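Student: Can you walk me through how the helices pack here? Keep it quick.

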Amino acid sequence: MDKETVENITREIIGELYVMQEYSAGRAILSRLRSSIGRDFTNMADVMPFLFQKLPEDFLGKGDKPGDKEISILTCLQLYAIYQQGEKKCVFEGIEGYSNIGTSLKSLRVDDDNTAVDRRFNAMITSIDFEELIVHLRHMIRLLKSKQSSTKINFAKLAEDLYRIKKDQNKDDVIFAWAREYYKF
């Protein structure tokens, strides 16, 4: 196995989920991931067996609170479940020239008047805390799915970025990189 990073573990799990979606058990996991959005971790008993079986021991939080790696990976699995819903082709891949989520969200800027989508993006990147960021990100992913569903997202890279934000490791650098990709031509 590759070096155990949030990005690599997320890539492995999403690869398994994509293969599993052909079967009812896989579709059920994706459905449970979607329905777990916004719920407290203590109310996710239907998702936890899948998640905990896939995470390395050192990725698990200590005590009664979920760890930053658990939260980052679960969040991206939920976002993947939203974006993959109803799609036969995989919506995730390591895309050449892909830098971060800003690369994918930039495809929403197709009209001459990008005011509304820019306002949503700016609300996301100026979020006060992690939870608010995730709410805005979820809305942006849903908007992308409705308008540009052929756009791929590197959910593994997104998980790594979210982990860095959650840990407050170069948070401003991550957000700045998203904005650069989103706004550049």
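Tutor: A term to begin with. Axes are lines fitted to C-alpha atoms, for helices over the stretch in contact, and angles run from 0 to 180 degrees between N-to-C directions. Helices themselves are DSSP runs (H or I, at least four residues), numbered from the N terminus, and strands are E runs of at least two. This is a predicted model: local features need pLDDT of at least 70, side-chain atom pairs count only at pLDDT 80 or more, and totals for chains, interfaces and linings use all residues. Residues are numbered from 1 along each chain as its sequence is written, and side-chain values use heavy atoms, with hydrogens and water left out.

Student: OK. At what angle do α4 and α7 cross?

Tutor: Roughly 20°, and their axes come within 9 Å. Helix α7 covers residues 130-147. Angles under 35 degrees count as roughly parallel, over 145 as roughly antiparallel, 65 to 115 as roughly perpendicular and the rest as oblique. So α4 and α7 are roughly parallel to each other.

Student: Which residues of α4 and α7 meet?

Tutor: Contact means heavy atoms within 4.5 Å. From α4 come Ile-71, Thr-75, Leu-79, Ile-82, Tyr-83 and Gln-84. From α7 come Phe-130, Ile-134, Leu-137, Arg-138, Ile-141, Arg-142, Leu-144 and Lys-145. The residues of this contact divide into 9 nonpolar, 2 polar and 3 charged. Here Ala, Val, Leu, Ile, Met, Phe, Trp, Tyr, Cys and Pro count as nonpolar, Asp, Glu, Lys and Arg as charged, and the others, Gly among them, as polar.

Student: Take Ile-82. Buried or exposed?

Tutor: Buried means under 20% relative accessible area, exposed over 50%, partly exposed in between (1.4 Å probe, protein chains only). Ile-82 has 6% relative accessibility, so Ile-82 counts as buried. Beyond four places in sequence, Ile-82 touches Arg-34, Ile-37, Arg-138, Arg-142 and Lys-145.

Student: And Ile-71, what does that touch?

Tutor: Phe-41, Pro-66, Phe-130 and Lys-166, leaving out residues up to four places away in sequence. Ile-71 also lies in α4. Its relative accessible area is 14%, so Ile-71 is buried. Ile-71 and Tyr-163 are 92 residues apart in sequence, with 8.0 Å between their C-alpha atoms.

Student: Now the core. How many residues does the largest nonpolar core have?

Tutor: It has 56. A nonpolar core is a set of buried Ala, Val, Leu, Ile, Met, Phe, Trp, Tyr and Cys residues joined through side-chain atoms within 4.5 Å. Phe-155, Leu-162 and Trp-178 have the most contacts inside this core. Its largest share, 9 residues, comes from helix α4 (residues 68-84).

Student: What does Phe-155 touch?

Tutor: Setting aside residues up to four places away in sequence, Phe-155 touches Thr-10, Ile-14, Cys-76, Leu-79, Tyr-80, Tyr-83, Val-91 and Phe-92.

Student: Switch to α6 and α9. At what angle do they pack?

Tutor: About 170°, with axes 10 Å apart. Helix α6 spans residues 115-125 and helix α9 spans residues 171-183. The pair is therefore roughly antiparallel.

Student: Which residues meet there?

Tutor: Val-117, Asp-118, Phe-121, Asn-122, Met-124 and Ile-125 in α6 face Ile-175, Trp-178, Ala-179, Tyr-182 and Tyr-183 in α9. That contact has 9 nonpolar residues, 1 polar and 1 charged.

Student: Where is Gln-169?

Tutor: In the loop between α8 (155-166) and α9. Gln-169 has 37% relative accessibility, so it counts as partly exposed. Tyr-163 and Arg-164 are its contacts beyond four places in sequence.

Student: Last one, Glu-7. Which helix is Glu-7 in?

Tutor: Helix α1, residues 6-20. Glu-7 is partly exposed, at 21% relative accessible area. Glu-7 and Ala-156 are 149 residues apart along the chain, yet their C-alpha atoms are separated by 4.5 Å. Glu-7 is in contact with Ala-156, Lys-157 and Glu-160, leaving aside neighbours within four places in sequence.
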